[in-house]
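Q: I am new to this structure and would like to learn how to read it one feature at a time. Please give me the general idea of each feature, and then show me the case here.

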Amino acid sequence: MSTKFYALFIMGCFLPFILVAQSHFVFQEQNVAPGTHQQFKIKVSDGVDSTFIPVSVFHGSKPGPVLGITAGVHGYEYAPILAAQQIARQIDPATLSDTVILVHLANVPSFLGRSPYVNPLDEKNLNRVFPGKADGSLTEQMAYQITQEVIARSDYFLDMHSGDAPEDLRPYVGYYSSERFPKASQKGEAMARALGFDHIVVFDVAAERIDEPSLYCSQEAFHRQIPSADIECGSLGAVQTQDVQPIVDGVINLLRHLEMMAGEAASLNSPIFIRERPSVISPQDGIFYPLKTSGEYVSEGMKVGYITDFFGENPVDVFANASGIILYIIGTPPINKGETLLRIGLIASSGTKK
Ligand SMILES: [Zn+2]
């Protein structure tokens, strides 16, 4: 063999390995080396108030997809926030295929301020302002950073929630579906099944809605044709092991389903699908007495609770407006006119139409 051919032969042997060698993952202008993880604090400031978003980037030693995960978009929803801490400990970048971007706590001001729904610094709900604004209020800038740094970098996206402070919630997962993005819809359904919750809500997105601002964190991902799912697990702003563990188990199984982590992914064969979720709206301010809890099945017209005035008098009955499962119901006494008292999931026959 001539020297020239020998050189070509050697190149031929090693070129494939050179081409597939895993490169650094650049995050916040820093290199995360293959097989390592790094912690970041993304700074956000509107010139008056400031905060940060704690993010871990796990960059595997093998190629694969990028999975973005957010916890704590609502800082009073503790089960997913605590689950994220455990998930971080279970991801080994040495054996991971490509990258997990894990937002431990998207809304630090809401968390430290013990503030349900909104960031107390600007009174905005982070899950209603996506894709955010680079020069907006603090919450809008937080959404912008999450959009640019996490969602836009992801091939798959998962946002994790629970019942907020007053919400008695039955666990479920949701995924986005639209006739406009059939591939992302089907992959989203597969994600939802891999998460292992037995009730799956289909967030059907009308074709024209995709041209409007997404508003919701995971919907922003779907508007970018990224398969996208939500977990809702945990209730009443409480922390219970039975709510944290299914989230951890679900995410680990999702990583296996995406072939990012070794091991056989369990699959859920016959989940219950929900496509419609009518709300019952409170007709007045007062004190709410629920007679049902989340997860109970009700039929249309069934009494589910009542509201009294502040003297405990003049009760007004609340009735189910559909037949199905109570996904969540207000579980604490205060109620304001116009607020959602409960949401009922209507049982559907299937998920995304193939
Ligand atoms: Zn939430």
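Q: Leaving aside its neighbours within four places in sequence, which residues is Ile101 in contact with?
A: Two residues are taken to be in contact if their C-beta atoms, placed from the backbone, lie within 7 Å. For Ile101, once the neighbours within four places in sequence are set aside, the contacts are Val55, Val57, Val66, Gly68, Val150, Arg153 and Ser154. Please keep in mind that this is a predicted model, in which local features need pLDDT of at least 70 and side-chain atom pairs count only at pLDDT 80 or more, while totals for chains, interfaces and linings use all residues. Residue numbers start from 1 along each chain as its sequence is written.

Q: Where is the place of Ile101, and is Ile101 buried or exposed?
A: Strands (E, at least two residues) and helices (H or I, at least four) are DSSP runs, numbered from the N terminus, and Ile101 has its place in strand S6, which covers residues 97-103. A residue counts as buried if 20 or more other C-beta atoms lie within 10 Å of its own, as exposed if 12 or fewer do, and as partly exposed in between. Ile101 has 25 other C-beta atoms within 10 Å and is therefore buried. One of its contacts, Arg153, is 52 residues away along the chain, yet the C-alpha atoms of Ile101 and Arg153 are separated by 8.8 Å.

Q: What can be said in the same way about the place and the contacts of Leu96?
A: Leu96 has its place in the loop between helix H2 (78-90) and S6, and Leu96 counts as buried because it has 23 C-beta neighbours inside 10 Å. Beyond the neighbours within four places in sequence, Leu96 is in contact with Phe58, Gly60, Ile91, Met260 and Met261. Leu96 and Pro65, which are 31 residues apart in sequence, are 10 Å apart in space from C-alpha to C-alpha.

Q: At what angle do the axes of H2 and H7 cross?
A: Axes are lines fitted to C-alpha atoms, for helices over the stretch in contact, and angles run from 0 to 180 degrees between N-to-C directions. The axes of H2 and H7 cross at roughly 45° and come within 8 Å, which means that H2 is oblique to H7; angles under 35 degrees count as roughly parallel, over 145 as roughly antiparallel, 65 to 115 as roughly perpendicular and the rest as oblique. Ala79, Pro80, Leu82, Ala83, Gln86, Ile87 and Gln90 in H2 meet Asp243, Val244, Ile247, Val248, Val251 and Ile252 in H7. By class, this contact has 10 nonpolar, two polar and one charged residues, where Ala, Val, Leu, Ile, Met, Phe, Trp, Tyr, Cys and Pro count as nonpolar, Asp, Glu, Lys and Arg as charged, and the others, Gly among them, as polar.

Q: Which residues make the contact of H5 with H7?
A: The axes of helix H5 (residues 182-195) and helix H7 (residues 241-257) cross at roughly 135° and come within 7 Å, so H5 is oblique to H7. From H5 the contact takes Ala190, Met191, Ala194 and Leu195, and from H7 it takes Gly250, Asn253, Leu254 and His257. Five of these residues are nonpolar, three are polar and none is charged.

Q: Which backbone details in the loops deserve a look?
A: The peptide bond from Phe130 to Pro131 is cis, with omega near 10°, and Pro131 lies in the loop between helix H3 (108-112) and helix H4 (138-149). Tyr117, found in the loop between H3 and H4, has a positive phi of about 65° although it is not a glycine, and Tyr117 is buried, with 20 other C-beta atoms within 10 Å. Leu215, in the loop between S10 and helix H6 (217-223), is likewise not a glycine and has a positive phi, near 70°; Leu215 is partly exposed, with 16 other C-beta atoms within 10 Å.

Q: How is the protein divided into domains?
A: Domain bounds come from an automatic or database domain assignment, and here they give domain 1 (31-273) and domain 2 (277-348). The C-alpha centres of the two domains lie 28 Å apart, and their contact takes 13 residues from domain 1 and 15 residues from domain 2. On the side of domain 1 that touches domain 2, strand S8 (167-169), strand S10 (199-204) and strand S12 (272-276) each supply at least two residues, and S8 gives the most, with three. The residues of that side of domain 1 divide into seven nonpolar, three polar and three charged.
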